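Hello,

Here is the structure I promised to hand over. My notes follow below it.

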Amino acid sequence: MSNVSNRLQPSRPPRAGSGRLCELNQHTIPKDPPVMDRVFFLHRFCWHQRKETHMYALLILDMQVGLVHGPDKPWRGPALIDTLNGLMRSARKTGAPIFLARHIGPAGSPIEPGSPLTELVQELQLMGDEVIFEKKRPNAFAQTDLATLLRERECDGVVVTGMKTQFCVDSTCRAARDCGFDAVLIANGHTCTDTPELKAKTIVAHHNATLAGPFCRVVQAGEWSF
């Protein structure tokens, strides 16, 4: 596992896409309240501000050579890469952590350890401030340190993106809340390839509809801010 560096801000005001705004923001202190009332109000206000300031990490799954540039091209591949680069720029502006997973298969498989097919695609605009880790299961939390790394960075949730929709994206979204993290799925931030039964476009739409609510929030990339 490679942990390059992580630029985090210790605290920030509530953000529009990352949580509920504190209702106390709409309250006003009377012009000249008693001293104890002011102390109580400010204590309560600051406590709510801490509770309502949420940190979300960006999680990009399996954007590796063998999947993106393999014989079966993913649906809207170039558009997805543009979306992911935009999300990374947005995350860096606020100091939100960025995690990228690489799926590694067993020895002898096309994606065995050390295979060039497991390398992240060069089109991703990496800056060296990301956490890159390997996984062996579709669920990115399984048999990895992802949950520990998120807690170390005081993250309340993950923004799930990448591929493939019906495997690793689906499994990770379902597992996130069981591991204690809120999950946000970017509706136009994941993809897959066509199958003999279904077109990739249909698979993506089905999972956006199925996962929304019980397992995660589903939003468009343009509607999310870290």
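Start with Ile60, which sits in strand S2. One caution before going on: this is a predicted model.

Is Ile60 buried or exposed? It is buried, as its relative accessible area is 1%. The cut-off for buried is under 20%. Leave aside the neighbours within four places in sequence, and Ile60 is in contact with Leu84, Met88, Phe99, Leu100, Ala101 and Thr161. Ile60 and Gly189 lie 129 residues apart in sequence, yet their C-alpha atoms are 9.0 Å apart in space.

Next, strand S5. This strand covers residues 157–163. Which strands does S5 pair with? One is S2 (residues 56–61), which pairs with S5 in the parallel sense over six bridges. Within that pairing, Leu61 has Gly162 of S5 as its bridge partner. Another is S6 (residues 182–191), also parallel to S5 and joined to it by six bridges. There, Gly157 is bridged to Asp182 of S6.

S5 is mostly covered: seven of its seven residues are buried. In a regular strand, side chains alternate between the two faces of the sheet. For S5, both faces are covered. On one side are Gly157, Val159, Thr161 and Met163, all buried. On the other are Val158, Val160 and Gly162, buried as well.

Now the helices H5 and H6. H5 spans residues 165–176 and H6 spans residues 200–211. Their axes come within 11 Å and cross at roughly 10°. Angles under 35 degrees count as roughly parallel, and H5 and H6 are therefore roughly parallel to each other. On the H5 side, the contact is made by Thr165, Gln166, Asp170, Cys173 and Arg174. H6 brings Ile203, Val204, His207, Thr210 and Leu211. What kinds of residue make up the contact of H5 with H6? Four are nonpolar, four polar and two charged.

Finally, the whole chain. The protein chain has six helices and seven strands. Along the sequence they follow the pattern β-α-β-α-α-β-β-α-β-α-β-α-β. The chain has 226 residues, and 46% of them count as buried. Take the contacts between residues at least 6 apart in sequence: 79% of these join residues at least 24 apart. The accessible surface of the chain comes to about 11,900 Å². Carbon and sulfur atoms account for 55% of that surface.

Over to you.

Best wishes

Terms used
Residues numbered from 1 in each chain as written. Predicted model: local features only at pLDDT ≥ 70, side-chain atom pairs only at ≥ 80, totals over all residues. Heavy atoms only, no water. Axes fitted to C-alpha atoms, helices over the stretch in contact; angles between N-to-C directions. Helix = DSSP H or I, 4+ residues; strand = E, 2+ residues; numbered from the N terminus. Parallel < 35°, antiparallel > 145°, perpendicular 65-115°, else oblique. Contact = heavy atoms within 4.5 Å. Nonpolar A, V, L, I, M, F, W, Y, C, P; charged D, E, K, R; others polar. Buried < 20%, exposed > 50% of the residue type's maximum accessible area, 1.4 Å probe, protein only. Areas by Shrake-Rupley, 256 points an atom, 1.4 Å probe, with all protein chains shown as cover. Pairing = 2+ DSSP bridges.
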